[in-house]
Amino acid sequence: MSPSDSKEGKKWIERYPHRRFNPLLREWVLVAPHRTERPWQGRVEEVRTPSEGAYDPSCYLCPGNARAGGTRNPNYDSTFVFDNDFAALLPESPEFSCDGAGLLQARSERGICRVVCFSPRHDLTIPRMNDVELRNTTGILARQYRELESHSWIRNVQMFENRGNLVGASNPHPHCQIWASESVPNTPAREGAAFAAHQDGRHTCLLCDYLRIEAEKAERIVCENEGFVTLVPYWAIWPFETMVLARRHVNAFVDLDDDERALLGDILRRTTIRYDNLFQTAFPYSMGFHQRPTDGAQHPEWHLHAHYYPPLLRSATVQKFMVGYEQLAMPQRDITPENAAARLRELPEIHYLDRL
Ligand SMILES: [Zn+2]
Ligand SMILES: [Zn+2]
Ligand SMILES: [Zn+2]
């Protein structure tokens, strides 16, 4: 009898975060059974305009307000980080594993989940932040990576931001999340394998080589500064998907110097201003950074980059759905990446709300 059939195994599976193996796709699914009490303020955004005020008394992320877990936020005046009250991963969960004939595999998964409020202002999104606010945010993310990396059992630090109802953001107050986990999740693991294979075969970096080609062709570049380039990848899936690449071959956030952290803030702002200007709306997206795992190895093959996955297709209300053929077979798109890049490139870099 496998441990999953034991009383103890059943108890763990019902109570603690774990990952389960999908033997058809040979990848893992994270299960967080303790997380059903999570607060939800995402809907609120639908009935409000983007410039609704700097403070919202009902927001659990605003300074001085009580969070859903009962803790009260300090009266923070800059970027604020706290441990997620409804974390998908927990640092202290018991270690267990089950294997039912190789088809019912599960492993316990520990982790640390944090929330980063970009600023005390409820209405201040990345595209409208100033240099100081952006520099604070990228500086905090670098420090978070460094601190989480110091836990020997943390092997990956995933930073991501969901903006807007369409991508399931649970609160409109601008913030991102950090999920640091005991294992390297599917996507970073797959990208890591691609970096390593390219490095082994050609002795060069996959994304350094790719950036060189894109710089020559210049047809998919959206905007750039001395430190970073935003482009629509040749293989983009979402209509206005972009990737932000560091010009210098750096493996992680912690390798960026002060100037590069400021340049990163600049490119994130310029990219998201273009997004907001595209349909004159608070453009929804899911974005996140990919960087070397924190498993103790050097990983010189890794190249720091960010992905933006926005769901909108033709207007502020027409979205692309990943269903049917996309879900069952493979992604497909209609507007070409070159066309999407040209449309984003031609947009002004002054936010539409600041032009009014
Ligand atoms: Zn707020
Ligand atoms: Zn590189
Ligand atoms: Zn990536």
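Colleague: Quick one: why is the arrangement around the zinc ion (ligand 1) called tetrahedral?
Modeller: Because its four donor atoms subtend angles of 103 to 115°. Four donors count as tetrahedral if all angles lie between 85 and 135 degrees; square planar (four) or octahedral (six) needs opposite donors over 155 degrees apart and all others between 65 and 115, and anything else is irregular. This is a predicted model, where local features need pLDDT of at least 70 and side-chain atom pairs pLDDT 80 or more, while totals for chains, interfaces and linings use all residues. Residues are numbered from 1 along each chain as written, chains are lettered from A and ligands numbered from 1 in the order written, and side-chain values use heavy atoms, without hydrogens or water.

Colleague: Nice. Which residues coordinate the zinc ion, and through which atoms?
Modeller: Two cysteines and two histidines: Cys59 and Cys62 each give SG, while His122 and His173 each give ND1, at 2.0 to 2.4 Å. Donors are N, O and S atoms within 2.8 Å of the metal (3.2 Å for Na, K and Ca), and with water absent, sites may look incomplete.

Colleague: How are those donor residues spaced in sequence?
Modeller: The pattern reads C-x2-C-x59-H-x50-H. Cysteine 62 sits in the loop between β2 (27–31) and β3 (80–83), and histidine 122 in the loop between β6 (111–117) and α2 (131–149), so this pair ties together parts 60 residues apart in sequence. Helices (H or I, at least four residues) and strands (E, at least two) are DSSP runs, numbered from the N terminus.

Colleague: Is cysteine 62 buried or exposed? And histidine 122, buried or exposed?
Modeller: Cysteine 62 is buried, at a relative accessible area of 0%, and histidine 122 is buried at 3%. Buried is under 20%, exposed over 50%, partly exposed in between (1.4 Å probe, protein chains only).

Colleague: Where is aspartate 123 found?
Modeller: Aspartate 123 is in the loop between β6 and α2. With a relative accessible area of 16%, aspartate 123 is buried.

Colleague: Switching topic: how many strands form the open sheet?
Modeller: Nine, with antiparallel pairing, in the order β3-β6-β8-β7-β12-β13-β11-β10-β9. Two strands pair if DSSP finds at least two bridges between them.

Colleague: Which are the edge strands?
Modeller: β3 and β9 (221–224), each of which pairs on one side only.

Colleague: How many bridges join β3 to β6?
Modeller: Four, and the two strands run antiparallel. If you want a spot to look at on screen, phenylalanine 80 has cysteine 117 in β6 as its bridge partner.
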